[in-house]
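Work through the exercises below with the model open. Try each task before reading its solution.

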Amino acid sequence: MNVVIDTNVWISALISKDGISREIIRLALLDKISPQISTTLFLEYEAVMKREKITNLCSLTIDEQTELFQAFLSTCKWNEIFYLWRPNLGDEGDDFLVELAVASNSKIIITDNKKDLESGELHFNFEVLTPQEFLERYRQ
């Protein structure tokens, strides 16, 4: 199942010792889901991970974070974005997630920022689910 995992889910998985976001990443590491990634999403993951606030909240060392990130990336399918969609989201900084979902034929974007991603003018054939909603559906 192709999914796009928003940065807020990845960061939540890093800074929480247990929980829903960690379970999403665990599913990726176990090849139960196929996370899709693009250059833009990769750069955002990397930039946010390196913020001092995030590194201070994370119980993992920098080396452990890097190792986990590399393991996660090894499960991701890289996608090139050839056509930019402008869904006019409330936060235009999230447009690239829609573009990635369309380019990768993902059925789901997993995010804690559901409201902003559902506010666009263009509608596509994917759902926007919170990590909790995704796990409930996955377990069924």
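Predicted model: local features only at pLDDT ≥ 70, side-chain atom pairs only at ≥ 80, totals over all residues.

**Exercise 1: a serine in a loop**

Residues are numbered from 1 along each chain as its sequence is written, and side-chain values use heavy atoms, with hydrogens and water left out.

Task: locate Ser106 and list what it touches.

Solution. 
- Step 1. Ser106 lies in the loop between H6 and strand S4 (108–110). Helices (H or I, at least four residues) and strands (E, at least two) are DSSP runs, numbered from the N terminus.
- Step 2. Leave aside neighbours within four places in sequence. Ser106 then contacts Asn2, Val3, Val4, Gln36, Ala101, Asn125 and Phe126. Contact means heavy atoms within 4.5 Å.
- Step 3. The Ser106 side chain also makes a polar contact with the side chain of Ser104 (2.7 Å). Such a contact is a pair of N or O atoms within 3.5 Å; within protein, one must be able to donate a hydrogen and the other to accept it, and residues adjacent in sequence count only if both atoms are side-chain atoms.

**Exercise 2: the helix before the loop**

Task: decide how enclosed helix H6 (residues 95–104) is.

Solution. 
- Step 1. Find the buried residues of H6: Asp95, Phe96, Leu97, Val98, Glu99, Leu100, Ala101 and Ser104.
- Step 2. Eight of the ten residues are buried, so H6 is largely enclosed by the rest of the structure.
- Step 3. Asn105 follows H6 and has a positive phi, near 55°.

**Exercise 3: two helices crossing**

Task: describe how H1 (residues 7–15) and H2 (residues 20–29) meet.

Solution. 
- Step 1. Their axes come within 7 Å and cross at roughly 105°. Axes are lines fitted to C-alpha atoms, for helices over the stretch in contact, and angles run from 0 to 180 degrees between N-to-C directions.
- Step 2. H1 and H2 are therefore roughly perpendicular, a label for angles of 65 to 115 degrees; under 35 is roughly parallel, over 145 roughly antiparallel and the rest oblique.
- Step 3. H1 contributes Val9, Trp10, Ser12, Ala13 and Leu14, while H2 contributes Ser21, Arg22, Ile24 and Ile25.

Terms used: Buried < 20%, exposed > 50% of the residue type's maximum accessible area, 1.4 Å probe, protein only.
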